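Grab a pencil and work through a few exercises on the fold below. Try each task before you read its solution.

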Amino acid sequence: MYLHDTQIRVRYAETDQMGYVYHGNYAAFFEVARTEAFRHLGIRYKDLEADGVGMPVGEIRTRFRRPARYDDLLTVRLLLRQPAEGSRVMFEYEIYNEANELLTEGHTLMVFVATATGRPVPIPVDIQAKLAPYFSEEEITSPLTPPAPRPAGDSPAPAAFIKGSE
């Protein structure tokens with residue numbers, strides 16, 4: 001498994017009228033985490049694009065447990081629990097505040113495509129090589145599966161989103 005943390009400070013412009021981070025901004029937080037994790041591994045999106053390979057989002061899921069607010073310092077944890085497979089890679093995310101409370105979790109399923117055609121292509125060999133040390137041989141040969149669902153009773157209390165209830 002590969003794990004990488006990226007910190008993001010919430011800007012005022014990223015909040016809504018309720019003072020919460022606007023839900024649409026979480027996709028951007030996930031993207032920052034992916035980009036920085038890849039950069040840490042020596043993989044640059046710019047180089048992929050120069051080689052004619054793109055990585056569009058095939059699926060995105062976000063689960064909000066507690067709100068993030070203006071000026072919070074967030075830790076966006078990216079987890080690759082399983083190796084990339086075929087033309088796909090599943091990134092999972094957990095977002096924590098400074099008190100180490102889990103605020104948000106989600107995942108994106110990214111697909112490697114040829115930018116000229118938009119058709120899926122195999123994961124570039126150099127990316128596979130950079131990710132391989134983080135996985136056992138058994139993990140490398142197992143199929144890509146979505147993250148396991150959380151238990152039904154593991155959801156946030158509605159009061160978690162009411163100002164002053166924390």
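Predicted model: local features only at pLDDT ≥ 70, side-chain atom pairs only at ≥ 80, totals over all residues.

**Exercise 1. Work out the strand order of the open sheet, and find its edge strands.**

Solution. Start with strand β1 (residues 2–9), which pairs with β4 in the antiparallel sense over 8 bridges. Carry on across and you get the order β1-β4-β5-β6-β3, an open sheet of 5 strands with antiparallel pairing. The edges are β1 and β3 (57–64), since each pairs on one side only. From one strand to the next, the twist averages 20°.

**Exercise 2. Which helix lies across the sheet strands, and how many residues of β4 are buried?**

Solution. Look for helix α1 (residues 25–40): it lies across β1, β3, β4, β5 and β6. Relative to β1, helix α1 runs at about 125°. Now count along β4 (residues 73–80): 7 of its 8 residues are buried, so the strand is mostly covered.

**Exercise 3. Decide whether Thr104 is buried or exposed, and list what Thr104 touches.**

Solution. First place the residue: Thr104 lies in strand β6 (residues 102–111). Its relative accessibility is 0%, and buried means under 20%, so Thr104 counts as buried. Then go through the contacts, leaving out residues up to four places away in sequence: Thr104 touches Tyr26, Thr62, Arg63, Phe64, Arg66, Tyr93, Glu94 and Ile95.

Methods
Residues numbered from 1 in each chain as written. Heavy atoms only, no water. Helix = DSSP H or I, 4+ residues; strand = E, 2+ residues; numbered from the N terminus. Buried < 20%, exposed > 50% of the residue type's maximum accessible area, 1.4 Å probe, protein only. Contact = heavy atoms within 4.5 Å. Pairing = 2+ DSSP bridges. Axes fitted to C-alpha atoms, helices over the stretch in contact; angles between N-to-C directions.
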